[in-house]
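Here are a few friendly notes to read alongside the model.

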Amino acid sequence: MVAYGCFSFMIRVGVNGYGTIGKRVADAVEAQPDMELIGVAKTQPNFEAHTAVERGYPMYAAIPERSPLFAEAGIDIAGEVDELVAEADVIVDCTPSGIGAQNRELYETHHTPAIFQGGEDSDVADVSFNARSNFDAARDADYVRVVSCNTTGLSRIIAPLEEEYGVDKVRATLVRRGGDPGQNSRGPINDILPNPIKVPSHHGPDVKTIFPDLEIDTLGLKVPATLMHVHALNVTLEDDVTGAHVRQLLEGEDRVYVIPEGLGIDGAGKLKDFALDAGRPRGDMWENCVWGESIGVNGRDLYLFQAIHQESDVIPENIDAIRAMFDTEDKRDSMELTDRTLGVGISGDPSGFSEQARAEFADD
C-alpha cells in the first residue's frame, strides 16, 4: 500500500445487519479512504432502513421472502443478501448474537471473508481480535471475531500494562447496563442482578482469547441503565509502579480517555452529555473512559474505574480488523488512520475534541 489518500485498491465492504452496531460500522466504513461500502442488509424496513437509504447506502433484504415488505414501505432494494455477499470483498456481520454463526455457511458458499461480533462464540472465527492487543493475529484470516464491548475495553487497558510492567493477575467487576437505549424489552427494570451468578463471568474467558496466558477473574452485575458499562479493576503488576506513571502511560493511549479532575464528570450520564456537547455522532464514546482520580496504586496493585460505551467502542476495531485481514497496513498505521477518520481521541480539553477533530471542525 502507498501513502494515505493514494491507496492501490479499495476494499469492498458489505454490512449484514444494520442495527446498533451495523449502522455505526457502515458509517465508519464510509469514512475510510481505502474502503467502499457497497451495501447493507436489513431484515425489515424499519426506521433504520429508511435512515440507511437516506444516507445513500444500497439496501439488501436479509430475508429474501421479506423483500416485498421493503417495496411496500417505499424502499427500493438493490437485491437480496446473498447478492451482497457475492459482491463484497468482506462482510461485517452485525446481526444479533447467534445469527452470525448461522450466516457463516452463506459466507463460505461465496468464499467471502467475514467479521463477526463479540456476541458470537469464539469458535465462529479463526481468531478473536482487538487492534491494540493482537492486530497481527488476524493477518490473512478468512474469519475474524471482534470481541465484545467489555472485552475490548479490558483488552485496551491490559495491553499497555502488560507491555510496560507485566501483569500477574486481573480482577474485574463489571457493572453492565441492562440494555441499549432502544432495547425496551430488556431488563432489569428495578433490580440489581448478579449476571451471571457463577464466577467467573464469561468476560474473563473471552479476554483469554486475546491474552491466552493471562490470569483473570471477572464478576458481572446487571443494572437498570442503558448508558454505559462501568468496570472496577484491580490489576496486580509484576513491578512496583506509581499512580502518576500509570496515568501517564494511559494518557498516551489514543483509545483511552483519562477523564481530568475538575470537569465534573462523575458518572456515565455526564459522559454521554460530554460526548453530545462535543459533537460526537450519536453521542458515541469510542474510547475507554478512565476516571483519572480513580487511578491508585498500592505496591504492585493498580486500581481504577473505567466506563465503556457499549454501542460504539468496538467500531474502530471492526475497521482495523478489515485492514488486518487484507494485510494492507501495519497496526500503528491502521489505528492512526481509523482514529483520524473517525475522530477518535480526546485531548482533555473541555470541548471534547481531539486536535485533529478540532482542525477538521474549523475547516468546515
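**Notes on the annotated sites and helix 2**

1. Gly119 sits in the loop that runs between strand 6 (114-116) and strand 7 (127-129). Please keep in mind that this is a predicted model. Gly119 is partly exposed, its relative accessible area being 44%.

2. Where does the "binding site" feature fall? An unreviewed UniProt entry puts it at Thr20, Ile21, Gly119, Arg177 and Gln310.

3. Gln310 also belongs to a loop, the one between strand 16 (301-308) and helix 11 (315-326). Is Gln310 buried or exposed? With a relative accessible area of 4%, Gln310 counts as buried, because the cut-off for buried is under 20%.

4. Leaving aside residues up to four places away in sequence, Gln310 touches several residues, among them Ile21, Arg177, Cys149 and Asp180. Thr226 is another of these contacts, and its backbone oxygen lies 3.1 Å from a polar atom of the Gln310 side chain.

5. Turning to helix 2 (residues 47-54), its buried residues are Glu48, Ala49 and Ala52. Viewed down the helix axis they fall within an arc of 105 degrees, so they line one face of the helix. Phe47 and Glu54 are exposed on the other side.

6. What do the buried residues of helix 2 pack against? Their partners are helix 1 (20-30), strand 2 (35-42), strand 3 (59-61) and helix 3 (67-72).

7. Both ends of helix 2 are worth a look. Asn46 caps the N-terminal end, with a side-chain oxygen 3.1 Å from the backbone nitrogen of Glu48. Just after the helix, Gly56 adopts a positive phi of about 90 degrees.

Conventions. Residues numbered from 1 in each chain as written. Predicted model: local features only at pLDDT ≥ 70, side-chain atom pairs only at ≥ 80, totals over all residues. Heavy atoms only, no water. Buried < 20%, exposed > 50% of the residue type's maximum accessible area, 1.4 Å probe, protein only. Helix = DSSP H or I, 4+ residues; strand = E, 2+ residues; numbered from the N terminus. Arc of directions from axis to C-beta. Contact = heavy atoms within 4.5 Å. Polar contact = N/O pair within 3.5 Å; in protein donor to acceptor, adjacent residues only side chain to side chain. UniProt positions renumbered as here; feature names shortened; annotations may be inferred.
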